[in-house]
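Please open the model in your viewer and keep the selection panel at hand.

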Amino acid sequence: MTMRKDQTIEALRGQLVVSCQAYEDNPLHGVDNMAIMSRCVLEGGAGAIRLCWPETIRAVRPFCAKPIIGINKVMPTDAHDAFESVYITPTLESAIAVVEAGCDVLAMDGTLRERQQGERLEEIVKELKRRYPDLVLMADLATIEEGIACAEMGFDILASTLSGYTTETRERSEMEPDYELISALKRRTGLLVNAEGRIWNLRQLDRAWQCGADMVSIGSAITNPMKTTQYLTAHMHVPTGVAG
Ligand SMILES: CC(=O)N[C@H](C=O)[C@@H](O)[C@H](O)[C@H](O)COP(=O)(O)O
């Protein structure tokens, strides 16, 4: 952590957060590439960056004066369906690893599903608060019920990140953020709200602000050229006669 908790929260308000992540199947996968990506988005005005895995955070921390939101994605070894799996910072151990790497905000799965190693979310939150009083805790969730439960557990920020990625919400459109959830989180909990997930353009970004978001996070549309190209090539309409 580089700041006091209240300073981190103030630094996040009204900011565009950019998520720089690439899985193994993406040619951009790797710490050096994520460090370059982070430099790009910081130059472009990102107010904070979201990074995955301790080694990425350690590489970016030395040149990043803005808040870093850390996550530690760990797929369960027996996962047969990603929609049913808790994989964003699922355990206390995975949380400690990214906090020790230097993030200011720790984001973790805030759904009420069974977690890896049978750990309970409220116990993890309690222990993190005891160890790191200046750490800001963000819950990545998919429903308003989860938001209310996470607010009661003591999270500082509620994020719409997992809407569309759980069994209950998997039918949601891939191209639209969950505006309803963003508004409900703000209205029903009064906590800081991070609008995250499926924001592809300025219209959606501005609508997320209008829904009451305190910060907005974008990943794929900015930092995943593989995914954006796949989308455009799959959905473009080439006029008859142009293609050979
Ligand atoms: C569901 C899940 O695992 N979301 C992840 C969370 O860290 C990332 O893969 C997303 O890119 C990030 O949330 C930003 O969303 P989008 O890429 O749609 O702008």
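**The ligand shell**

Select the ligand and the 16 residues that surround it, of which the closest are Ser19, Tyr165, Gly197, Gly219 and Ser220; a residue is near a molecule if its C-beta atom, placed from the backbone, lies within 6 Å of it. The model is a predicted one, in which local features need pLDDT of at least 70 and side-chain atom pairs count only at pLDDT 80 or more, while totals for chains, interfaces and linings use all residues. Residues are numbered from 1 along each chain as its sequence is written.

Strand 8 (215-218) and helix 9 (220-223) are the elements that give two or more residues to this shell. Helices (H or I, at least four residues) and strands (E, at least two) are DSSP runs, numbered from the N terminus. By residue class, the shell around the ligand holds seven nonpolar, seven polar and two charged residues. Here Ala, Val, Leu, Ile, Met, Phe, Trp, Tyr, Cys and Pro count as nonpolar, Asp, Glu, Lys and Arg as charged, and the others, Gly among them, as polar.

**Helix 6**

Next select residues 144-153, which form helix 6; its buried residues are Glu146, Gly147 and Cys150. These buried residues line one face of the helix, because seen down the axis of helix 6 they fall within an arc of 100°, the arc being that of the directions from the helix axis to the C-beta atoms. A residue is buried if 20 or more other C-beta atoms lie within 10 Å of its own, exposed if 12 or fewer, and partly exposed in between.

Contact requires that the C-beta atoms of two residues, placed from the backbone, lie within 7 Å. Just after helix 6, Gly154 takes a positive phi of about 105°.

**Helix 6 against helix 7**

Keep both helices displayed: in helix 6, Ile144, Gly147, Ile148 and Ala151 meet Leu181, Ala184, Leu185, Arg188 and Thr189 of helix 7. The residues of this contact divide into six nonpolar, two polar and one charged.

**Two loop residues**

Select Trp53, in the loop between strand 2 (48-52) and helix 3 (54-60). Its phi is near 85°, a positive value in a residue other than glycine. Trp53 is buried, with 20 other C-beta atoms within 10 Å.

Finally, select Arg198, in the loop between strand 7 (192-196) and helix 8 (202-210). Arg198 is not a glycine, yet has a positive phi of about 65°. Arg198 counts as buried, with 22 C-beta neighbours inside 10 Å.
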